[in-house]
Amino acid sequence: MSTTRSSRSQYGSRLLVSWAIISALTVASCASDPEDDASATEPSSGVPATQVCDGTISQAAAGEFEEITGRDEFRDSGYRSATSPDLAGFLEVLRESASRWEGFCRVYGADEERPIATLEFGWREAVTSNGETDPSEVAYATGEYAYTQDGSAFLEFACPVDSVPGGYLAGDLFTYDVAAGDGHIAVLNSVSRAVAERFGCLDESGLAEGAPERLAG
């Protein structure tokens with residue numbers, strides 16, 4: 001009888017252990033099921049503002065760009081392809097361009113199809129401003145001539161480059177559905193400094209090192 005009781009006791013113990021193992025495996029399986037885990041979502045494909053437009057938006061200007069757009073993750077594309085723009089490649093095109101504007105970069109929200117901002121540059125033979133400003137323009141101290149108006153920031157700066165007549169570059173930042181302000185000129189100034197540095201004309205450009213200040217008037 002004692003042998004029978006011992007066998008039954010050992011059998012019962014093994015049975016309890018087996019059930020415990022099965023229960024633990026079931027719980028682990030349920031816990032790792034992505035359908036039941038709210039955190040198991042696909043990662044965003046977006047990047048911070050400092051990584052769009054080939055890294056031409058500085059850390060300080062990136063904060064302005066996020067505030068302007070109301071977003072903190074983005075994606076971008078060039079004008080000639082859907083891939084991210086390459087500054088060196090763009091400057092090769094720009095150097096030979098006779099167009100008034102060459103598109104450099106389109107910026108989108110991380111999961112959006114419509115661009116929220118565009119950046120373009122083009123050569124000028126002379127500074128556009130004749131000393132008179134439109135009342136709706138807000139002027140800034142950077143380059144030769146800089147202002148914001150409606151949804152755009154615009155600036156011109158000296159950039160003498162061999163084979164390019166005139167030696168002035170104009171830049172434009174346009175944002176959709178957002179009125180332009182101090183943040184716009186800060187972003188455009190940052191990208192323009194990157195362009196000027198690559199062209200070797202940063203010293204002549206007169207572009208402000210930080211966020212440009214408003215001019216009185």
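A salt bridge is a side-chain nitrogen of Lys or Arg within 4 Å of a carboxyl oxygen of Asp or Glu. Several of the close-ups below show such pairs, and all views come from a predicted model.

**View 1. Glu-112 and Arg-71 form a salt bridge between two loops.** The closest N and O atoms of Glu-112 and Arg-71 are 2.6 Å apart. Glu-112 sits in the loop between strand 2 and strand 3, and Arg-71 in the loop between helix 2 and strand 1, so the bridge ties together parts 41 residues apart in sequence. Glu-112 has 28% relative accessibility and therefore counts as partly exposed. Arg-71 also counts as partly exposed, at 28%. The structure holds 5 salt bridges, including this one.

**View 2. Arg-80 forms a salt bridge with Glu-102.** Here the closest N and O atoms are 3.3 Å apart. Distant parts of the chain are linked: Arg-80 belongs to the loop between strand 1 and helix 3, and Glu-102 to strand 2, 22 residues apart. Glu-102 is buried, at 10%.

**View 3. Arg-114 forms a salt bridge with Asp-177.** The closest N and O atoms of this pair lie 3.0 Å apart. Arg-114 is in the loop between strand 2 and strand 3, while Asp-177 is in the loop between strand 7 and helix 4, so parts 63 residues apart in sequence are tied together. Arg-114 is partly exposed, at 48% relative accessibility. Asp-177 is exposed, with a relative accessible area of 71%. Side chains of opposite charge can pair when their charged atoms come close.

**View 4. Helix 2 (residues 59–69) has a buried side.** Its buried residues are Ala-61, Ala-62, Phe-65, Ile-68 and Thr-69. They span an arc of only 120° around the axis, which means that they lie on the same side of helix 2. The face turned away from that side carries the exposed residues Gln-59, Ala-60 and Glu-67. What covers the buried residues? The cover includes strand 1 (74–77), strand 2 (102–109), strand 3 (115–124), strand 7 (168–175) and helix 4. Gly-70 follows helix 2. The phi of Gly-70 is positive, near 70°.

**View 5. Ala-61 of helix 2 is in contact with residues including Ala-186.** Ala-61 is buried, with a relative accessible area of 4%. Which residues does Ala-61 contact, leaving aside its neighbours within four places in sequence? They are Ala-186, Val-187 and Ser-190. Ala-61 and Ala-186 are 125 residues apart along the chain. Their C-alpha atoms are separated by 5.8 Å.

**View 6. Helix 3 crosses helix 4.** The axes of helix 3 (residues 87–96) and helix 4 (residues 182–199) come within 11 Å. They cross at roughly 75°. Angles of 65 to 115 degrees count as roughly perpendicular, so that term describes helix 3 and helix 4. Helix 3 makes the contact with Leu-87, Ala-88, Leu-91, Leu-94 and Arg-95. Helix 4 contributes Ala-194, Val-195, Arg-198 and Phe-199. By class, the contact has 7 nonpolar, no polar and 2 charged residues.

Methods
Residues numbered from 1 in each chain as written. Predicted model: local features only at pLDDT ≥ 70, side-chain atom pairs only at ≥ 80, totals over all residues. Heavy atoms only, no water. Axes fitted to C-alpha atoms, helices over the stretch in contact; angles between N-to-C directions. Helix = DSSP H or I, 4+ residues; strand = E, 2+ residues; numbered from the N terminus. Parallel < 35°, antiparallel > 145°, perpendicular 65-115°, else oblique. Contact = heavy atoms within 4.5 Å. Nonpolar A, V, L, I, M, F, W, Y, C, P; charged D, E, K, R; others polar. Buried < 20%, exposed > 50% of the residue type's maximum accessible area, 1.4 Å probe, protein only. Arc of directions from axis to C-beta.
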